[in-house]
Amino acid sequence: MQFNDQIDFVRQHIKKNKLRVFMTILAATMGTAFLIVLASVGFGIHDTMRNEILDNRLVNQVEVYSSEMDQAKVEELKKREHVKAVVFRQSVSINQQTELDGFIGSHNMTVTEFQEEAKVGFALQEGRLPENKHEVVVGSHFAESLIESETEGAEAEPSTYKQSLIGKQFTYKMGLYEEKELFPEETTLTIVGIAKEPAKDWVMDTNIYADAAIMPELNRIFTGHVEDMDSQLFYGNVNVYADNLENVTAVSKALKDEGYSVYSIADQLEQLDVFFLAFKAGLVFVGTIAILIASIGIFNTMTMAVTERTREIGVMKAIGASPKLIQRLFLMESAWIGIVGTIIAVVISYGVSFIANLVLPIIVSTALGEEEFTSLDITFSIIPWQLVVIASAISITVAMISGWRPARKATKIDVIQALRQEL
Amino acid sequence: MIQVQELTHSFKIGKKGKERQVPVLKGLSFTINEGEVVSIVGRSGSGKSTLLHILAGFLKPDAGIIQIGNVRTSAFSEMESAKFRLDHFGFIFQNFQLMPGLTAFENVELPLKLAGVAKKDRRKKVQQLLQLVGLTEVQDHYPNELSGGQQQRVSIARALITDPPIIFADEPTGSLDSETEQDILLLIQSLNKTRGITFVIITHDDTVAETADRIYRMHDGELTEGGVHHAI
Ligand SMILES: Nc1ncnc2c1ncn2[C@@H]1O[C@H](COP(=O)(O)OP(=O)(O)O)[C@@H](O)[C@H]1O
Ligand SMILES: [Mg+2]
């Protein structure tokens with residue numbers, strides 16, 4: 001029998017029992033949709049948590065701590081295998097004040113290597129990089145945190161700096177938090193560039209980025225006022241960037257073996273992924289139970305279909321249909337139920353998922369009654385294609401397994417008994 | 001064409017544990033030649049249908065050899081048997097055994113579908129046969145919209161569609177009135193003459209049996225060849 005004739009045959013039978021087949025498909029659809037939607041919550045939460053982690057830091061970043069970090073060590077780190085860049089940032093750890101045209105702000109001085117920064121995404125939105133020790137680049141939110149000194153303390157809204165920053169000079173002063181007066185020494189710095197905004201829009205970058213050449217000058221001011229030999233003006237942190245995600249673990253492990261304290265987001269992600277793999281597998285398992293329940297319906301429908309058609313199957317066999325063909329026709333019928341049920345379920349699941357992501361955040365934020373939750377970035381449900389594939393495979397396989405016994409039963413029908421049945 | 005040697009068969013009857021064997025066929029040997037119409041006549045319950053079921057491969061005999069052409073069909077598996085039926089046998093049953101969900105046309109077409117003949121090659125052949133049995137007018141009717149005679153013609157067309165060399169007919173006129181019976185018997189005669197098909201007709205009715213070239217008489221599980229015993 002040709003394949004299209006087999007399809008025709010199956011279709012004709014299904015048409016004859018529309019309602020019964022419809023109800024069976026409905027059950028299969030509900031089971032499969034339940035599985036997909038349930039598991040999609042696992043995927044949604046996993047994704048939300050991953051993004052939460054990834055948004056804050058870079059994945060291929062390894063934070064390295066060492067009590068005696070210096071430029072020599074940094075140079076050594078740069079030469080290691082699979083290391084793309086080593087960013088050695090040193091920040092001033094005491095009180096700081098900047099003043100520009102009567103606007104005052106408190107910006108943090110960070111000394112870094114611009115070439116290394118550029119390798120891992122540091123870029124300018126305006127201007128150029130510093131060429132001498134008194135030229136600096138400022139963060140994208142520098143101007144917003146410069147506040148007009150006259151309005152300070154008044155009832156009026158404090159006004160911030162609105163004009164272009166490029167080429168402007170400002171004075172930079174330091175002081176101790178525990179003392180009211182700042183150190184009297186002023187350093188005059190020129191803004192030559194403005195850094196690009198950070199990727200995440202809630203991150204404010206108000207830093208002053210300078211070249212390491214400025215450090216001796218600032219250190220001299222610091223030691224002029226602070227006697228304690230143990231205290232330092234600059235505190236450094238080193239971030240090593242692996243050339244790609246796969247090598248992060250290798251790089252961080254090698255550093256750990258050499259006695260560095262390291263922290264990388266990749267390690268944390270790995271744990272998260274393992275946890276969620278188990279979590280999602282659990283959800284798929286629970287969903288599969290729903291499909292198994294639906295499969296009872298398929299089993300019943302197919303058993304009835306075989307019983308009803310005993311005489312017809314007998315005639316088919318009598319005129320020369322092979323048992324294999326009979327079995328295939330019935331398996332096709334149960335597979336058809338499974339396939340149609342799955343297709344409808346996938347469509348419904350995407351709909352439910354879409355609506356859930358639309359409505360649930362609103363319900364949650366209303367329930368919590370807090371405005372900040374409206375901006376909460378939670379995805380409740382995600383249906384990746386892998387989930388569709390897994391659910392379809394489970395659903396269609398279960399449908400075919402439950403159609404297996406009835407199909408076997410059909411092949412075993414005795415021709416003589418069947419022909420003897422009354423019409 | 002069909003050679004049968006020492007064919008025996010018995011049925012187990014009775015409740016489990018207390019079964020007993022009831023012999024139905026007690027060592028039959030006979031031959032049916034190519035192109036003849038043979039009737040097997042006997043009382044109801046004498047084992048005629050059982051014999052046909054065994055010849056057709058629906059049932060495995062207890063012992064005996066069946067050779068059709070030069071193939072030993074008694075050694076077939078279920079699979080081989082089905083394939084052989086599709087290629088070599090046509091069937092006409094007392095209660096027609098048409099598919100209720102298929103039209104006359106589709107019923108006749110079914111064996112071609114099973115044989116894997118493409119749709120475009122089926123149409124013409126089915127129409128030819130429907131014309132031959134005089135059913136062109138009602139080809140789109142379902143079996144329950146046809147008279148008994150018409151239904152039997154559909155089943156004859158279905159039996160002919162794959163051009164089988166042998167057609168088995170089990171009480172082909174058992175459900176028909178005597179006038180229609182004559183039509184069907186004449187149709188069988190003419191198909192035998194024009195197409196050279198071998199017919200094996202099973203009947204309990206002597207007048208039906210008499211239309212055959214040769215008659216076998218089934219009695220008490222034994223088969224004897226003989227003329228028509230008119231009045232016993
Ligand atoms: N499946 C079966 N189980 C037990 N006995 C059977 C079975 N089929 C037929 N018989 C018996 O075998 C005998 C022959 O039956 P059958 O071949 O149908 O006779 P016929 O066709 O000549 O009327 C009968 O006595 C019948 O009761
Ligand atoms: Mg009989």
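A polar contact is a pair of N or O atoms within 3.5 Å, in which, within protein, one atom must be able to donate a hydrogen and the other to accept it. By this rule, nine residue pairs are in polar contact across the interface of chain B and chain A, both residues of each pair being at pLDDT 80 or more. The model is predicted.

The side of chain B that touches chain A draws on several elements. Helix 2 (78–88), strand 6 (89–93), helix 3 (104–114) and helix 4 (119–132) of chain B each supply at least two residues. By class, this side has 16 nonpolar, five polar and seven charged residues. In total, the contact takes 28 residues from chain B and 23 residues from chain A. The area buried between the two chains is about 2300 Å². Carbon and sulfur atoms give 60% of that area. Two salt bridges are found across the interface of chain B and chain A. B:Glu78 forms a salt bridge with A:Lys317. The closest N and O atoms of that pair are 3.3 Å apart.

A:Lys317 belongs to helix 8 of chain A, where it is buried. Also buried in this helix are A:Thr310, A:Arg311, A:Glu312, A:Ile313, A:Gly314, A:Val315, A:Met316 and A:Ala318. Helix 8 spans residues 310–318, and nine of its nine residues are buried, so the helix is largely enclosed by the rest of the structure. Just after helix 8, A:Gly320 takes a positive phi of about 115 degrees.

A:Met316 also has a place in the largest nonpolar core, which has 68 residues. A:Met316 is among the residues with the most contacts inside this core, together with A:Phe330, B:Ile2, B:Phe30, B:Leu51 and B:Phe168. Helix 9 of chain A (residues 323–368) gives the most to the core, with seven residues. A second, separate core has 34 residues, including B:Leu135, B:Val138, B:Ala157 and B:Leu191.

Beyond its neighbours within four places in sequence, B:Phe168 is in contact with B:Ile2, B:Leu52, B:Leu55 and B:Ala56, among others. Its contacts also include B:Phe89, B:Gly90, B:Phe91, B:Ile92 and B:Val200.

In chain A, A:Gln61 is found in strand 1 (residues 61–65). A:Gln61 has 8% relative accessibility and therefore counts as buried, the cut-off being under 20%. The side chain of A:Gln61 makes a polar contact with the side chain of A:Tyr241 at 2.9 Å. Leaving aside neighbours within four places in sequence, A:Gln61 is in contact with A:Asn239, A:Val240, A:Tyr241, A:Tyr263, A:Ser264 and A:Ile265.

How values were computed. Residues are numbered from 1 along each chain as its sequence is written. Chains are lettered from A and ligands numbered from 1 in the order in which they are written. This is a predicted model: local features need pLDDT of at least 70, side-chain atom pairs count only at pLDDT 80 or more; totals for chains, interfaces and linings use all residues. Side-chain values use heavy atoms; hydrogens and water are left out. A nonpolar core is a set of buried Ala, Val, Leu, Ile, Met, Phe, Trp, Tyr and Cys residues joined through side-chain atoms within 4.5 Å. Buried means under 20% relative accessible area, exposed over 50%, partly exposed in between (1.4 Å probe, protein chains only). Helices (H or I, at least four residues) and strands (E, at least two) are DSSP runs, numbered from the N terminus. Contact means heavy atoms within 4.5 Å. Buried area is the accessible area (1.4 Å probe) that two parts lose on being put together, summed over both. A salt bridge is a side-chain nitrogen of Lys or Arg within 4 Å of a carboxyl oxygen of Asp or Glu. Ala, Val, Leu, Ile, Met, Phe, Trp, Tyr, Cys and Pro count as nonpolar, Asp, Glu, Lys and Arg as charged, and the others, Gly among them, as polar.
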